[in-house]
Amino acid sequence: MKCPYCGKELSKVEALLASFEKTYFCPYCWHDITNYRRQEQMSLSKSKISTKGQADERENKSLRNMRKAV
Amino acid sequence: MKEKINPYEICVRQFNKVADKLELEPGIREFLIKPKRQLIVSVPVEMDDGSYKVFDGYRVQHNIARGPAKGGIRYHQNVTLDEVKALATWMTWKCAVVNVPYGGAKGGITCDPTKMSAREIERLTRRYTAEISIIIGPEKDIPAPDVNTNAQTMSWIMDTYSVLKGYSVPGVVTGKPLFIGGSLGRDAATGRGVMYVVREAVKCLGLQLNDMKVVVQGFGNVGSNAALLLEEIGCKIIGICDVYGAVYNKKGIDIKKAVDFVRSTGKVVDLPDTEPIDPDEFLTLECDILVPSALEGQITKDNADKIQAKIIAEGANGPTTPEADEILFDRGIFVIPDILANAGGVSVSYFEWVQDLMAHYWTEEEVNSKLEKIMKDAFKQVYDSATAQKTSMRDAAYMLAVARVAEATRIRGIYP
């Protein structure tokens, strides 16, 4: 595992802590890797949310079109 | 015949296994396994008959990379330096696994307190405290109760230390009575912690708690409180035992009555509505959950393949030998390791110390809810890590704990 900010290879100990600690800072550049991990998780779930958001937008658009038509 | 077990050897073997997995450098490895300080003291005591006896006392501080050393003091005829070293090391890992800011320590006196009067025990405690006072203190090393020591013992330690300092120092020990800075919820904390992790394990394994059959080995503070609280959440306690014998009732034992009975008679033997059973067969009784909460080295390669429980929650320190542990893992028995299962005690000890330093005290509900959060969080981290790495809960707990201490050591660096 590499630090996403400084690119330094993390040792086994550091990689374990980066994976399971609630908050973990890269010991080389002191960036918060937890945030990165969370962002990664969020972006994964975001991709699902955005699909849903796009669907909602499509739904709203069709509703607006329907209202216009009425 | 039971195999003779040196707890420190077990401790070193457990550490080496984890150090290999974590690919620790040889220097860090040596630093992490060697105790930081080992103090051996002679404790002379005037006995009630006017004679003098000299006891051997120990205080070992294993590691203080993450904070002051923390660990109990035990009085037992089998206490040795190796045992105290092992227990101190386990305290380091235990504090790290539940992420309380402590290192590990342990102390003990080789004595048989059952053959001593209360006054003799008090004199023993006070002299031992004076002897170890050079290395203990709220910011250095904070003792707590362990085998055959209790809130009264802690009061004597706190008083002796305070006399030596010239002012009251409640933060020097935990497990004190409430009157002098103890914490609500401390007494049942270890047993409560056992209950929380058992509940989490049952959830994770997709089982139902109701009417799960539980066998509890040891009916001291940890065993009796774990039994009471497991009964409260719907489990059926079918067997309990202590050093004098074991009793069994397949329909369930009324634990409140058992606690009252033990309080009045001092033993579980002859408990009404139970039948006596052979203590050697006790651990292999048919049950869902086994809670070994007596002394170390109880589950060995000789009885591990006969254990019938689905879950083992180690209320005691080191109840399973490494050989037995491998057998249990191969058999798919879910073992909640000691450093996680019985960490409720040190967690509430930490709360007590924080309250003493702040001179501000919390309600029992606050203490219990903070304990529940610590135990649930620690269980989840260990369980997630074990699942991700396809390893046992013990290895996962040790890896997380050793990694935290190794990282603290590396970041602090070595002086000079």
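Modeller: Let's start with one pair: Lys22(A) and Asp377(B) form a salt bridge, with their closest N and O atoms 2.5 Å apart. The term stands for a side-chain nitrogen of Lys or Arg within 4 Å of a carboxyl oxygen of Asp or Glu. By that rule, four salt bridges cross the interface of chain B and chain A.

Please keep in mind that this is a predicted model, in which local features need pLDDT of at least 70, side-chain atom pairs count only at pLDDT 80 or more, and totals for chains, interfaces and linings use all residues. Residues are numbered from 1 along each chain as its sequence is written, chains are lettered from A and ligands numbered from 1 in the order in which they are written, and side-chain values use heavy atoms, with hydrogens and water left out.

The interface also has five residue pairs in polar contact, both residues at pLDDT 80 or more; here a pair of N or O atoms lies within 3.5 Å, one able to donate a hydrogen and the other to accept it. On the side of chain B that touches chain A, the elements giving two or more residues are α13 (364–389) and α14 (393–412). Helices (H or I, at least four residues) and strands (E, at least two) are DSSP runs, numbered from the N terminus. That side of chain B has eight charged, seven nonpolar and four polar residues; Ala, Val, Leu, Ile, Met, Phe, Trp, Tyr, Cys and Pro count as nonpolar, Asp, Glu, Lys and Arg as charged, and the others, Gly among them, as polar.

Counting contacts (heavy atoms within 4.5 Å), chain A brings eleven residues and chain B brings 19. About 1200 Å² is buried between the chains, 63% of it from carbon and sulfur atoms; this is the accessible area (1.4 Å probe) lost on putting the two parts together, summed over both.

A word on confidence: pLDDT, the predictor's confidence in each residue, runs from 0 to 100. Chain A has a mean of 71, and 49% of its residues reach 70 or more. Over residues 44–55 of chain A, pLDDT stays under 50, and the model has zero contacts there beyond four places in sequence.

Back in chain B, Pro416(B) lies in the segment after α14. A cis peptide bond joins Tyr415(B) to Pro416(B), with omega about 5°. For background, most peptide bonds are trans.

How values were computed: Polar contact = N/O pair within 3.5 Å; in protein donor to acceptor, adjacent residues only side chain to side chain.
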